[in-house]
Amino acid sequence: MQNLLKILLRYSNFLVFIALEVAAFLLIVFNNAYPRSSVLSTANDFVAWQNTLVSEVSGYLSLRSENEALAAENADLRNQISSISSEQTGEDIHFMPAKVVQMTTDELHNYLTINRGSNDGIRVGQGVRNAEGAVGIVRTVGRNYSVVLPLINTHTNLSCRFTKNDYIGTLQWDGKDSRFALLADVATHMVVNTGDTIVTSGLSPVFPEGIPVGIVENSILNEGDSYYTIRVRLNTNFKRLKYVEVVQNAAQDELEELENGMD
Amino acid sequence: MEWTKQIGRYVVVMLLQVLLFDQLQLWGACHPYIYILCLLMMPITLPHNVDMLIGALVGLVMDVFCNSLGVHTAACILVMFIRPYLIGALVNDKDRLNEQISLRSIGMEAILRYVVIMVIIHHLMVFALAAWSWSHIGFVLLETLVSSLVTILIIIGYNILKYR
């Protein structure tokens, strides 16, 4: 017993090192699987406040281009209102405007932080779009800020469909270029042309059907493959993302409950 | 008094890191983590265990700003674990280690080797853990190379300006 204690004391530094590293690795693993900690992320009020400050300052430096983007967005919104009022889909969908206060675009796991949180009714799993197209999915919600997983994060999967024939595929990102993503799971019996339009499929409650995602840049079919490798040019320009809208689908809870009930 | 200075420097360096260096997204692969300057230059007077706990804390704070819970924590703990052994191997004159580790206390050759080894270990660990897969190994190595170079230049430059 005494010898054991002696050994433990002798190697205590190493044991502390191992214990701390194990704790850090558990944090990484759990954060990759369920990043729900709103305190230990940029959804934290203080951290996000600092990011807001930075984006306020840089916002003044780019007012002109921002105004142009806002004007374009307004026009687009008016078009949307007219089209929405004309169709009777029966879906109760609300768009909550938000400002991007922090964003990375050149890492493998990019995130963006928006200035809306649980106080504004934001919930994990809601879709985020802007005037150009789909942006990402809400991943962590704090009281006043939320962290969004954009399309340009290697963890993101988004169900999409071709407008021309309604074939479904899964949009993923390869970590290389924030302008392009890859569309997987498209079987080879379909003909893919450059310039085909890709939109959200509406199969999950995250996004309603038909939000633009991108257009096909090129498609490769290696011999022996049963699926295409399709490169999609994303509609959304993540490098200059400033304003977004969170998609709040009133039926999301019910749909998720139904899906969970199936398992 | 020494520790108030150390904490003061940590606050200033952390502000620079978050407000300036995290905002630079210049060459796509350049993310210098200059905050480890504080860990590297801390005097080696505290018990080794306490050093590692400080490392864990500093890493955790950085993780909160990067949405990468655990990544910087793991890298900083490793850096703080290796530190006394590396310094022991690089510096013969043990009397000088009561001061903080700087150009003045250990000399140009030792500080250069020390900073280069530590920064590369730290950056490689951060980028590899953040990628969390072998499929991006090329990008991880490029990121490590470019970012380490900038961090090393800044830490050595700071030493030359302040502790020659």
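**Ground rules.** I'm working with a predicted model, where local features need pLDDT of at least 70, side-chain atom pairs count only at pLDDT 80 or more, and totals for chains, interfaces and linings use all residues. Residues are numbered from 1 along each chain as its sequence is written, chains are lettered from A and ligands numbered from 1 in the order in which they are written, and side-chain values use heavy atoms, with hydrogens and water left out.

**Chain A against chain B.** I looked up contacts first (heavy atoms within 4.5 Å): 35 residues of chain A touch 31 residues of chain B. Buried area (the accessible area, 1.4 Å probe, that two parts lose on being put together, summed over both) comes to about 2900 Å² here, with carbon and sulfur atoms giving 66%. I found 0 salt bridges between the chains (side-chain nitrogen of Lys or Arg within 4 Å of a carboxyl oxygen of Asp or Glu). Polar contacts join 4 residue pairs, both residues at pLDDT 80 or more (N or O atoms within 3.5 Å; within protein, one must be able to donate a hydrogen and the other to accept it, and residues adjacent in sequence count only if both atoms are side-chain atoms).

Which elements of chain A give two or more residues to this side? I get α2 (12–33), α3 (45–61) and β1 (93–103) (DSSP runs numbered from the N terminus: helices H or I, at least four residues; strands E, at least two). The largest share, 14 residues, is from α2(A). By class, I count 18 nonpolar, 13 polar and 4 charged residues on the chain A side (Ala, Val, Leu, Ile, Met, Phe, Trp, Tyr, Cys and Pro are nonpolar, Asp, Glu, Lys and Arg charged, the others, Gly among them, polar).

**Domains of chain A.** The assignment, automatic or from a database, gives domain 1 (45–150) and domain 2 (158–234). About 870 Å² is buried between them, 73% of it from carbon and sulfur atoms. A:L108, A:R129 and A:A134 supply 38% of what domain 1 buries against domain 2, more than any other three residues.

**Strands.** Pairing needs at least two DSSP bridges. β9 (197–200) and β10 (212–220) of chain A pair antiparallel over 3 bridges, and A:T197 has A:I215 as its bridge partner. β10(A) also runs antiparallel to β11 (229–234) of chain A, with 6 bridges; there A:I220 is partnered by A:T229.
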